[in-house]
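Hi everyone, thanks for coming. I have one structure to walk you through today, so please bring it up on your screens.

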Amino acid sequence: MQAALVGYSSSEEEEEEEEEAGGGCQDSGAQGPPRASGRPCLPRPVGLPGELDPEEVGSDDCARHGGRIRAFPHERGNWATHIYLPCRAQEEFLELLELLVSRARTYVPSVAAMEEFHLSLSQCVVLRYHWIGPFVRSLRQRLATFHRFFCVAEQVKVYTNENKTRTFIGLEVSTGHGQLLELVSEVDRALEEFDLPTFYKDPSFHISLAWCVGDLSSQLEGQCLQELQDIVDRFEDSAFFLRVQWEEIRCKSGNKYFSFPLQ
């Protein structure tokens with residue numbers, strides 16, 4: 001059964017708005033490259049699903065960015081916002097990823113590996129610029145009491161985004177589902193304060209590994225999916241490095257990144 005994974009977008013005009021407003025990575029809580037204001041900000045993750053490359057931002061021509069399509073039209077003052085758990089990839093994980101992508105390409109040659117890895121706690125929603133500060137403060141308050149925990153992600157699954165323009169190969173969480181639901185519950189409450197869409201009902205929590213343009217789920221499921229699962233099951237020490245320790249939650253809003261460390 002397929003599950004939905006939403007796409008993300010950003011905008012060059014959002015960066016201009018931030019400069020005009022004198023904004024930085026305020027409330028980020030994590031060290032990063034210094035800005036002109038002297039405030040630190042989080043380093044920019046690369047390769048979030050559906051995110052446009054910097055040189056492609058500001059254009060809705062999908063031919064210029066590998067066939068990717070915005071989840072919603074760009075409008076000045078609207079900031080695409082996403083809450084997620086960042087995942088640091090170990091060397092063994094990248095070795096497994098290479099094997100999985102290589103096998104998947106025998107069925108769908110256009111499959112590409114993700115460059116960064118995360119587990120979503122929200123859909124991609126639209127925030128107005130002046131909502132960002134209050135929204136982040138609400139999130140920080142609601143997430144302040146959560147402790148670090150771990151998940152095991154070892155079940156290979158195929159996902160598509162809501163408009164069926166992209167297909168993903170991911171690892172579904174088999175341990176830690178309860179803690180993730182508790183986090184999503186608090187994130188949903190913050191979203192509801194601003195009349196924003198909440199997360200999916202009965203979500204399939206997962207870490208996306210690879211993607212391709214279009215709905216190619218039929219080619220990747222069945223025999224291909226079984227072969228991918230066999231690779232995971234046989235890979236040495238997979239039970240160890242597929243156990244992920246979560247230490248922080250992040251919120252990306254346009255080109256701003258905010259960190260919420262877990263206790």
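A word on the ground rules. This is a predicted model, so local features need pLDDT of at least 70 and side-chain atom pairs count only at pLDDT 80 or more, while totals for chains, interfaces and linings use all residues. Residues are numbered from 1 along each chain as its sequence is written, and side-chain values use heavy atoms, with hydrogens and water left out.

The protein has seven helices and ten strands; these are DSSP runs numbered from the N terminus, H or I of at least four residues for helices and E of at least two for strands. Of its 263 residues, 52% count as buried, where buried means under 20% relative accessible area, exposed over 50% and partly exposed in between, with a 1.4 Å probe and protein chains only. Among contacts with a separation of 6 or more, 78% come from residues 24 or more positions apart; contact here means heavy atoms within 4.5 Å.

Now the helix pair. How are α2 and α6 arranged? They pack at an angle of about 160°, and their axes are 10 Å apart. Axes are lines fitted to C-alpha atoms, for helices over the stretch in contact, and angles run from 0 to 180 degrees between N-to-C directions. That makes α2 roughly antiparallel to α6, the label for angles over 145; under 35 is roughly parallel, 65 to 115 roughly perpendicular and the rest oblique. From α2, Leu96, Leu99, Leu100, Arg103 and Ala104 meet Cys224, Glu227, Leu228, Ile231 and Val232 of α6.

Arg103 forms one with Glu227, with 3.3 Å between the closest N and O atoms. Arg103 is in helix α2 (residues 91-104) and Glu227 in helix α6 (residues 223-234), so this pair ties together parts 124 residues apart in sequence. Arg103 counts as partly exposed at 31% relative accessibility, whereas Glu227, at 17%, counts as buried. By salt bridge I mean a side-chain nitrogen of Lys or Arg within 4 Å of a carboxyl oxygen of Asp or Glu.

How many salt bridges does a search of the whole structure find? Nine. Another of them joins Arg142 and Glu186, the closest N and O atoms being 3.5 Å apart. Here helix α3 (residues 132-143) holds Arg142 and helix α4 (residues 177-193) holds Glu186, so the parts tied together are 44 residues apart in sequence. Then there is Lys157 with Glu172, at 3.7 Å between the closest N and O atoms. Lys157 sits in strand β5 (residues 149-160) and Glu172 in strand β6 (residues 166-175), 15 residues apart. Both Lys157 and Glu172 are buried. Shared partners also join Arg88, Arg148, Glu247, Glu248 and Arg250 into one salt-bridge network.

Finally, please find Ile83, in strand β1 (residues 78-87). Is Ile83 buried or exposed? Its relative accessibility is 0%, so Ile83 counts as buried. Leaving aside residues up to four places away in sequence, Ile83 touches several others, including Phe135, Leu139, Val187 and Arg250. Ser253 is 170 residues from Ile83 along the chain, yet their C-alpha atoms are separated by 8.8 Å.

My last stop is Ser204, in the loop between α4 and β7 (206-213). Ser204 counts as buried at 15% relative accessibility.

Thanks, and I'm happy to take questions.
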